[in-house]
Amino acid sequence: MYRLLHALTARSSVADLLLAWEDLREDLLEETLTIQAIPAPTFAEQERAAYVERRFQALGLADVVQDDLGNVYGRTPGDDPSAPALLISAHLDTVFPAETDLTARREETRIYGPGVGDNSLGLAAMIALAEQISRRRLVPPVDIRWVATVREEGLGNLDGMRRACDRLGGQIGLAIVLEGMGLGRVYHAGLGVRRLRVVVKGPGGHSWLHNGRPSAIHHLLRMGAALVEEIQPPGEPRSTFNIGLISGGVSINTRAPEASLSVDLRSVDGEALAGLEESVRSVIRRYATPSLEISTEVIGDRPSAALPVNHPLVQAAIAALDYAGFHAPLLEIGSTDANILLANGIPTVCIGITTGGDAHTIREHIETTHLAAGMRQLTLLALLAAEHIEAWSDRDQNI
Ligand SMILES: [Zn+2]
């Protein structure tokens with residue numbers, strides 16, 4: 001892998017770009033903050049998508065288009081358009097509701113702002129790399145497909161990437177998913193997630209006059225208590241259980257006609273996840289009663305899937321990080337758009353552009369010191385992947 005990397009960096013066009021990232025840092029930050037200022041809650045990414053679409057058009061990318069969900073696509077034509085393409089993606093949406101104050105502030109080497117790292121910087125990095133590849137006429141050996149996806153966070157359930165896979169899947173050989181934060185880590189496996197919403201419905205009534213009627217809340221509380229007491233997710237393979245949302249009732253003096261709770265189950269292992277879900281469902285079944293209607297709906301499903309650490313794409317990501325100055329990368333399991341690509345059999349890694357912290361909170365921040373290193377890593381990984389796509393995407397290879 002290091003031999004391939006050296007051959008690549010020995011090319012003057014590549015060496016020039018690797019050096020240039022130092023001077024392009026401010027441009028990258030400016031783009032990041034422009035994107036960060038555009039609200040993009042999951043399911044309401046339109047304005048940010050429109051911005052990315054305009055940027056793709058301005059760069060002169062081919063086939064710039066949005067699909068019905070609002071994913072934005074662009075293409076850098078390669079030498080061999082019939083070969084499998086390289087997909088590079090970053091998600092558009094944030095966890096912040098539309099009314100969130102998005103004001104960003106800079107403090108020395110830090111930039112604070114909701115969504116600045118997750119994932120404004122990921123989007124800005126994608127645009128910046130596409131721009132430099134076009135400007136410098138670094139024609140890749142195969143097409144690069146750029147995609148800004150919707151619905152990556154929370155209840156979006158990775159539906160944006162699901163749609164992108166339906167649209168492009170057959171043409172993609174390898175994929176790189178970008179996150180603004182997490183530099184120094186290589187996500188090569190997708191954490192499986194199942195989310196269930198349990199709804200209890202009853203006749204309702206007055207708290208005094210209809211005291212004998214069943215209450216949806218009372219019943220839900222009993223069931224919830226049993227879940228909390230009895231569900232013990234295994235530590236190995238690592239799995240988790242959480243009731244993160246609970247709601248119901250209409251007023252303090254009403255026998256509740258409806259109540260619900262939402263359960264989030266996670267595991268690194270698909271079978272363990274299925275087992276965990278079955279134990280949750282069996283507790284719910286035990287609380288079946290003729291006087292109340294109980295329904296369970298799957299509101300989230302992220303498949304678990306992994307790329308072996310010795311896969312050349314993982315090794316290339318490690319080598320690119322090493323070149324950029326991060327010598328002991330952490331191999332991670334995540335829950336990102338990469339889950340969908342991996343589950344579709346497309347070798348994928350997810351990488352970060354800089355370090356940062358407090359993601360998904362209003363204290364979210366990124367460090368600006370590592371930006372050039374992060375872009376060097378991305379550039380090398382993208383060019384290596386594009387160059388070796390035929391061999392590395394061979395699904396029958398022995399690894
Ligand atoms: Zn993210």
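**View 1. Polar contacts link domain 1 and domain 2.** Across the interface of domain 1 and domain 2, seven residue pairs are in polar contact, both at pLDDT 80 or more. A polar contact is a pair of N or O atoms within 3.5 Å; within protein, one must be able to donate a hydrogen and the other to accept it, and residues adjacent in sequence count only if both atoms are side-chain atoms. The count of salt bridges between the two domains is zero (side-chain nitrogen of Lys or Arg within 4 Å of a carboxyl oxygen of Asp or Glu). This is a predicted model: local features need pLDDT of at least 70, side-chain atom pairs count only at pLDDT 80 or more, and totals for chains, interfaces and linings use all residues. Residues are numbered from 1 along each chain as its sequence is written, and side-chain values use heavy atoms, with hydrogens and water left out.

**View 2. The two domains in the chain.** Domain 1 covers 2-190 + 304-392, and domain 2 covers 192-302; the bounds come from an automatic or database domain assignment. Their C-alpha centres lie 37 Å apart. The contact (heavy atoms within 4.5 Å) takes 13 residues from domain 1 and twelve from domain 2.
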